Amino acid sequence: MVKTAIVPLTLRSHLVFFLIKELTGNSKNFAGFKCKTHDLSRESLIGKFILERLEKLDYPIKSIDKFNFFLEIKNPTRARYVAKGNFYKIENLGKSFVQLPEFYREEVNDLIEQQFRTAFYSYISANSDNDETISKAILKFIDKYDLFEAGLSLVGLRKLYYRMKEAGGVCASLQGKLPRK
């Protein structure tokens, strides 16, 4: 009998909404919940990043081909959605047992956050040419990714845009630590 374990990585809720729209995947039922799954190859940037940081516990890692990425949106009431994103790697415990340390879980979130911010800044820059249309472009971005459901606001994203613009654009954060909102 093959025993499996799941190595979870919880994502920030706005990143879940962002990835739902940006990644290709399939809808499936997992543990009684409807979710969207995305295969991440071990050769992908995020796959390599996670694989290199898995911490070996009792047994060595063997034959990791791909990661399963589940995005789950629950609707407990009609007015509110709850977003939850997890990476899962199902492992054969007869061959290996691994975990992703907490420090690296935050780094994976930061890596995806950088993608989110790059897409955000590029979208706003391309779709606005004055102060009035910046707000309209941000609202379109919020609508495109359902970010009100993730708790993001026009005011918060507007501050983020101007902070990024003052810092020099999308690549400025590559020179230092990713600033928190």
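A nonpolar core is a set of buried Ala, Val, Leu, Ile, Met, Phe, Trp, Tyr and Cys residues joined through side-chain atoms within 4.5 Å. The model described here is predicted, and its largest core of this kind holds 35 residues. Among these, Val-108, Phe-120, Ile-124, Phe-141, Leu-147 and Leu-157 touch the most other members. Strand E2 (9–11), helix H1 (13–22), H2, H3, H4 and helix H5 (154–167) each contribute at least two residues to the core. Helix H3 provides the largest share, namely seven residues.

With residues up to four places away in sequence left out, Phe-141 touches Phe-116, Ala-119, Phe-120, Tyr-123, Ile-124 and Leu-147.

Helix H1 can be considered next. Seven of its 10 residues are buried, so H1 is largely enclosed by the rest of the structure. The buried residues are His-14, Leu-15, Val-16, Phe-17, Phe-18, Leu-19 and Ile-20.

The packing of H1 against H3 may now be described. Two packed helices are described by the angle between their axes and the distance between the axes. For H1 and H3, the axes come within 10 Å and cross at roughly 60°. The two helices are therefore oblique to each other, and H1 passes H3 in a left-handed crossing. On the H1 side, the contact is made by His-14, Leu-15, Phe-18 and Leu-19; on the H3 side, it is made by Asn-109, Ile-112, Glu-113, Gln-115, Phe-116 and Ala-119. An α-helix has 3.6 residues a turn, so residues three or four places apart point the same way.

Leaving aside neighbours within four places in sequence, Ser-128 is in contact with Thr-133, Ile-134 and Ala-137.

Apart from neighbours within four places in sequence, Lys-48 is in contact with Arg-42, Glu-43 and Arg-53.

Notes
Residues are numbered from 1 along each chain as its sequence is written. This is a predicted model: local features need pLDDT of at least 70, side-chain atom pairs count only at pLDDT 80 or more; totals for chains, interfaces and linings use all residues. Side-chain values use heavy atoms; hydrogens and water are left out. Contact means heavy atoms within 4.5 Å. Buried means under 20% relative accessible area, exposed over 50%, partly exposed in between (1.4 Å probe, protein chains only). Helices (H or I, at least four residues) and strands (E, at least two) are DSSP runs, numbered from the N terminus. Axes are lines fitted to C-alpha atoms, for helices over the stretch in contact, and angles run from 0 to 180 degrees between N-to-C directions. Angles under 35 degrees count as roughly parallel, over 145 as roughly antiparallel, 65 to 115 as roughly perpendicular and the rest as oblique. A crossing is left-handed if the near helix is turned anticlockwise from the far one by less than a right angle, and right-handed if clockwise.
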